[in-house]
Amino acid sequence: MTNLEHKKIFKAAGIEMWPAEKIQAFRKALLGWYDKEKRDLPWRRTSDPYSIWVSEIMLQQTRVDTVIPYYHNFLDKFPDIAALASAPEDAILKAWEGLGYYSRVKNMQKAAQQIVAEYDGVFPEDPQEIAKLKGIGPYTAGAVSSIAFQIPEPAVDGNVMRVMSRLFEIDADIAKPASRKIFEAVVRELIDPERPGDFNQALMDLGSSICSPLNPQPEISPIKDFNAAYKNGTMHLYPVKSKAKRPVPMNLQGIILQNKEKQFLLEKRPNSGLLADFWTFPLIQLELDAIPGSEDATLEPATIQTELLVAEDFPKLTEAAKKADKKLPSFNQIEAQLSAAVAEKYGLKPVWLKAETGSVNHVFSHIKWHITGYYGRVLTNADSELPAQCRWVNEEDFADYAFPVPQQKMWQQFQQQTRKEFGL
DNA sequence: GATCCGTGGAT
DNA sequence: TATCCAAGGAT
């Protein structure tokens, strides 16, 4: 982008760019602080582009403290581009389990395969080539280019936008993707051509500490003399950031099924969308509103059929289960739909424990799940018609499967509560 | 350009 | 508890 284009952007955004001397002084102040105060992070002890790339992908929308153990484990399992490119997908998902935004690791493997195919397995140094790799957007391209290859490219993340919005009193909404180009233009003017990687990292370190979103401390900032908002008493106005929408509530039923061999039914989720390719207990969404009277709190107690279950299928089931019958008077109304859904989707006819066996809340970025758990045993041997993505799994083998956190919560509740209460 | 895509920590 | 947030990218 040319200097002329920068000027147009600055004018439109009401930004007055500093003269050259001030820019020089800013670089010196920022990098001087960084040299003294920079954090000792694992990815700052290497110059390996692959390792730096891994760290940058993991750090997307994720805290440093969370990333560190994953970073070490991932490099241990997949030490170089070739290893990542040829790894089984379930292995890379397992290595990412719990980190969130799971498409990151699938995209990273695709990029590794791209590098093997198109760049002879060597990480490209040209920023424009780097930006072509799957999962690498403008931020990550700039970060890797500057940190691994000392190329003066801006790496504009949330930290940098916050810092710059305060330094220049920029009113652009940092929640809008279109705003990023304004901040990129600013950083292109400011970035130190001698130490671009350190410059970008210094901005991020500053943004995550002294120039934090809440309770910033501009009075002790190494660049307070450059902070227009601080000087003008407008710190509280920056950055401008529109609020995110609330997650939409969604009610689901989590079905924990065991067969005669005491294996659990697991289902692999579709290969795109939420929690893609991760394993969960079957999740269904009953339209419970359709149950006549389900919104009525004064339901008749369910017929107590627990003794039938006790005798035939749940040898250790005790008084607790009888209480459960009363605790959940509407179960007999849910049971019909539950059975129908499980029969249709999984071809199974379980005998149900007539109780809710757990309640899990989990908040994603845009959805809020409330999962009500149910438990049943499948006593027939007709398990040959399981859907393709389903399988019976021994409890001891769970460690081989990548589970999202909602599934881990369901499993924990089952172990700690349902299993103890009902002696399952 | 708006929406989708996780998780855990801080307040 | 509710809310916001944290080194974004794909569609």
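A residue counts as buried when its relative accessible area is under 20%. By that cut-off N227, with a relative accessible area of 7%, is buried. The model described here is predicted.

**N227**
- N227 sits in the loop that runs between α12 (196–208) and α13 (228–232).
- A polar atom of the N227 side chain lies 3.1 Å from the backbone nitrogen of A229.
- Apart from neighbours within four places in sequence, the residues in contact with N227 are R166, L167, P218 and M235.

**Surface near DNA strand B**
- There are 21 residues around DNA strand B, and R63, Y102, L275, S365 and H366 are the ones that come nearest.
- Of the atoms of DNA strand B that come within 4 Å of the protein, 61% belong to sugar and phosphate.
- The side chain of R63 has an N or O atom 2.4 Å from a base nitrogen of DNA strand B.
- By class, the residues of the surface are 11 nonpolar, eight polar and two charged.

**Helices α10 and α11**
- The axes of α10 (residues 158–168) and α11 (residues 180–190) come within 10 Å and cross at roughly 75 degrees.
- Angles of 65 to 115 degrees count as roughly perpendicular, and α10 and α11 are therefore roughly perpendicular to each other.
- On the α10 side the contact is made by V160, M161, M164, S165 and F168, and on the α11 side by R180, F183, V186, V187 and L190.
- The residues of this contact comprise eight nonpolar, one polar and one charged.

**Backbone details**
- Most peptide bonds are trans, and most residues other than glycine have a negative phi.
- The peptide bond between Y238 and P239 is cis, with omega about 0 degrees.
- P239 is located in the loop between α13 and β1 (248–258).
- D120 is not a glycine, yet has a positive phi of about 60 degrees.
- The loop between α7 (103–118) and α8 (127–130) holds D120, which is exposed at a relative accessible area of 69%.
- Q150, also a residue other than glycine, has a positive phi near 55 degrees.
- Q150 is found in the loop between α9 (138–149) and α10.

Conventions:
Residues numbered from 1 in each chain as written. Chains lettered and ligands numbered in written order. Predicted model: local features only at pLDDT ≥ 70, side-chain atom pairs only at ≥ 80, totals over all residues. Heavy atoms only, no water. Near = heavy atom within 4 Å. Polar contact = N/O pair within 3.5 Å; in protein donor to acceptor, adjacent residues only side chain to side chain. Nonpolar A, V, L, I, M, F, W, Y, C, P; charged D, E, K, R; others polar. Helix = DSSP H or I, 4+ residues; strand = E, 2+ residues; numbered from the N terminus. Buried < 20%, exposed > 50% of the residue type's maximum accessible area, 1.4 Å probe, protein only. Contact = heavy atoms within 4.5 Å. Axes fitted to C-alpha atoms, helices over the stretch in contact; angles between N-to-C directions. Parallel < 35°, antiparallel > 145°, perpendicular 65-115°, else oblique.
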